[in-house]
Amino acid sequence: MKPRRTVVSNTVFALQGATEDSDLWARVYAPGEVEDGEVVVGSVWELTDDERAAIADGANVELLVWGGQPPVALRLSNYRLGKPPAPEEDT
């Protein structure tokens, strides 16, 4: 699985000393976009064809968290990959 930039990504976590291949693009949700007004950060991961086949064959997805266990969730996402559209310029 590889973390991917989506059209709603608005922040990036970069691993110090690493290449941009290690970047973790994410979306910081604004207060009010999620329940209880908590700060929520979401990232989208793209599965390889082999990983998709393994899941279809019964494999599970494991979440690894370093440094403790904050509340987390996994869900499906339909956000398009890539950069967000450029804002339209005033003419």
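This is a predicted model: local features need pLDDT of at least 70, side-chain atom pairs count only at pLDDT 80 or more; totals for chains, interfaces and linings use all residues.
Residues are numbered from 1 along each chain as its sequence is written, and side-chain values use heavy atoms, with hydrogens and water left out.

Now the overall layout. Helices (H or I, at least four residues) and strands (E, at least two) are DSSP runs, numbered from the N terminus. There are five strands and one helix in the chain, and they come in the order β-β-β-β-β-α along the sequence. The chain is more spread out than a compact globule, because its radius of gyration is 16 Å, well over the 12 Å that the globule rule gives for 91 residues. (That radius is taken over C-alpha atoms, and the rule is 2.2 Å times the number of residues to the power 0.38.) The C-alpha trace spans about 55 × 30 × 30 Å along its principal axes.

How much is tucked away? Buried means under 20% relative accessible area, exposed over 50%, and partly exposed in between, with a 1.4 Å probe and protein chains only. Of the 91 residues in the chain, buried ones make up 10%. As for contacts (heavy atoms within 4.5 Å), take those with a separation of 6 or more: residues 24 or more positions apart account for 46% of them.

Let's zoom in on the loop between β1 and β2, where you'll find T6. With a relative accessibility of 2%, T6 counts as buried. Looking past neighbours within four places in sequence, T6 is in contact with V44, Y79, R80, L81, G82 and P84. S9 sits in the loop between β1 (2–4) and β2 (11–13), and S9 counts as buried too, at 10% relative accessibility. A polar atom of the S9 side chain lies 2.8 Å from the backbone nitrogen of T6. Not counting residues up to four places away, S9 touches R4, W25, A26 and R27.

Next stop is F13, in strand β2. F13 is partly exposed, with 43% relative accessibility. Residues up to four places away aside, F13 touches S22, D23, L24, A26 and V41. The C-alpha atoms of F13 and A53, 40 residues apart along the chain, are separated by 29 Å.

One of those partners, S22, belongs to the loop between β2 and β3. Its relative accessible area is 35%, so S22 is partly exposed. Besides F13, S22 touches L15, again not counting residues up to four places away in sequence. S22 and K2 are 20 residues apart in sequence, with 9.1 Å from C-alpha to C-alpha.

Finally, look at V34, in the loop between β3 (24–29) and β4 (40–42). V34 counts as partly exposed at 22% relative accessibility. Beyond its neighbours within four places in sequence, V34 is in contact with Y29 and V40. V8 lies 26 residues from V34 along the chain, and their C-alpha atoms are separated by 15 Å.

Technical notes: A polar contact is a pair of N or O atoms within 3.5 Å; within protein, one must be able to donate a hydrogen and the other to accept it, and residues adjacent in sequence count only if both atoms are side-chain atoms.
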